[in-house]
Amino acid sequence: MSNTENKPLVLLVDDSVDVHRLLLARLRHEQIELVGTTRAVEAVEMARRYKPSTILLDVDMPDLDGFEVLRALKEEPLTNNVPVIILSAKCGSEDKVTAFDLGATDYVTKPFDLAELRARLRASLRLDHLVRLLSERADVDGLTGLGNRAAFNKRWAEKVAECRRYGTPLSLALLDVDFFKRINDTYGHPAGDQVLVELARMLQSESRSHDVACRYGGEEFALIMPNTGPQEAQVVTERVRHALATRVWSRHPDSPITASVGLVGTNGPVSEITPEHWLEATDHNLYVAKRAGRNRCVVTELCERPLTQPLQHGVEPQPRNEAA
Amino acid sequence: MMTEVSPSHSNVAKRPGGGPPDVYFSELAGDPEMAELIQSFVNEIPERVRLVERHWERHELGELRRIAHQLKGACGGYGFPQVGQAAAKLENGLSREENADLESVAERVRELVEMCRRVRAS
């Protein structure tokens, strides 16, 4: 999770209580929230927990060398992007080179010039802000504004983990535009793009606020529906499918567009299934929907028992054929 | 996070040999934001001096080094760089505990304690 507060969170790691007191007082007027530890061994765990916007890290600590902490922070995927400002009494270039080589963003010598420290901290917070923006951008599909495949993979793994841990319902739908290549070939790519953008918009307007819609790739979309069993999930995806099928397109008013849907969900609990297997099963249902004539939704409910076997042998997919 | 503060008046500054009151004021004393912090730091100095003396008497060189390290950082941060340098000298003298030159450590402890006793907030 990123910071829930508006104020960026700064983590101070320094064995000296005096430094904590000093900075707490001196940074009081900065728009930051300061949390700290005097124990270097706790630093990485705290950074994982708080996801700070900047870490102020003392080098010379009795329990663990600050450079070791820095190395651990850079090796940990959850913290390796957090800017680290090294605080050190050593002003030799050797230590500075070590710090920057290990991935530090900045280096401030003790005793601090407070005005300088504040300015460097602000610069670091700006950097963090940009890095966060960039990483959000990297998860967004440029055409539709939905999450892209990388975003889907992350969110899906999280949701499956939640579902397994708490036994809550969860459903996944994959939607694929029927004969999409034909649209592109016949009416041109702008027409195809318009279909994708419009379907993305429908996925958002017809789903609920806690559902997660992503562009999985090409003309394929994924809809993650947390706390939703397959029956309820089907109602949602049918709304989307219906909205798409009844849409009149200005570029080709006589050619309606449809989509096929594969859906796999559980009313919980399930314990064995991996995100990858669940996705595969959903993709399989999509394939079945295509084979059965497109413009339909194929649903499977996951139950605890058949999960140890492949879905194909467990619950048979139930094609639901509806004329649109 | 706050350390226990128990001012011990028996250890509060004695002016050496009735000589000139050679005292150290914080370089940051003019900063109103710092006044309170400096005062509380100065209030704790006698306690820290007592720790230095106790660890030295008991020959607990690792602990002595830790206190010196903290004093170095704190004195620098609160505007007493000369005292911080004395603490740094002691810390360095103890950097190799096994081979510490005890005579020079003794001298550095004396120097640091003496300077600490002359620290004033304002």
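**Helix packing, sheet and interface**

Analyst: Happy to! H1 and H4 of chain B cross in a left-handed way. Keep in mind that this is a predicted model.

User: Which residues in H1(B) and H4(B) meet?

Analyst: From H1(B) there are B:Ile45, B:Arg48, B:Val49, B:Val52, B:Glu53 and B:Trp56. Facing them in H4(B) are B:Val109, B:Leu112, B:Val113 and B:Cys116. By class, this H1(B)-H4(B) contact has eight nonpolar residues, two charged and no polar ones.

User: And chain B as a whole, in what order do its elements run?

Analyst: Starting at the N terminus, chain B goes β-α-α-α-α-β, for four helices and two strands. Of its 122 residues, 34% are buried. Looking at contacts in chain B between residues at least 6 apart in sequence, 67% link residues at least 24 apart.

User: Switching to chain A. What's the strand order in its sheet?

Analyst: The order is E2-E1-E3-E4-E5 in an open sheet of five strands, with parallel pairing. Strand E2 (33-37) and strand E5 (106-109) of chain A are the edges, each pairing on one side only. From one strand to the next, the twist averages 20°.

User: How many bridges join E3 and E4 of chain A?

Analyst: Four bridges, between E3 (residues 54-58) and E4 (residues 84-88) of chain A, which run parallel. A:Asp58, for one, sits opposite A:Leu87 in E4(A).

User: Which strands does H3 of chain A touch?

Analyst: Helix H3 (residues 66-75) of chain A packs on the sheet against strand E1 (9-13), E3 and E4 of chain A, with its direction at about 150° to that of E3(A).

User: And where does H5 of chain A lie?

Analyst: H5 (residues 114-137) of chain A lies across E1, E3, E4 and E5 of chain A, and runs at about 165° to E5(A).

User: Last topic: how many residues does each chain bring to the contact between chain A and chain B?

Analyst: Chain A brings 15 residues and chain B brings 13 residues.

Methods: Residues are numbered from 1 along each chain as its sequence is written. Chains are lettered from A and ligands numbered from 1 in the order in which they are written. This is a predicted model: local features need pLDDT of at least 70, side-chain atom pairs count only at pLDDT 80 or more; totals for chains, interfaces and linings use all residues. Two strands pair if DSSP finds at least two bridges between them. Axes are lines fitted to C-alpha atoms, for helices over the stretch in contact, and angles run from 0 to 180 degrees between N-to-C directions. Two residues are in contact if their C-beta atoms, placed from the backbone, lie within 7 Å. A crossing is left-handed if the near helix is turned anticlockwise from the far one by less than a right angle, and right-handed if clockwise. Ala, Val, Leu, Ile, Met, Phe, Trp, Tyr, Cys and Pro count as nonpolar, Asp, Glu, Lys and Arg as charged, and the others, Gly among them, as polar. A residue is buried if 20 or more other C-beta atoms lie within 10 Å of its own, exposed if 12 or fewer, and partly exposed in between; C-beta atoms are placed from the backbone.
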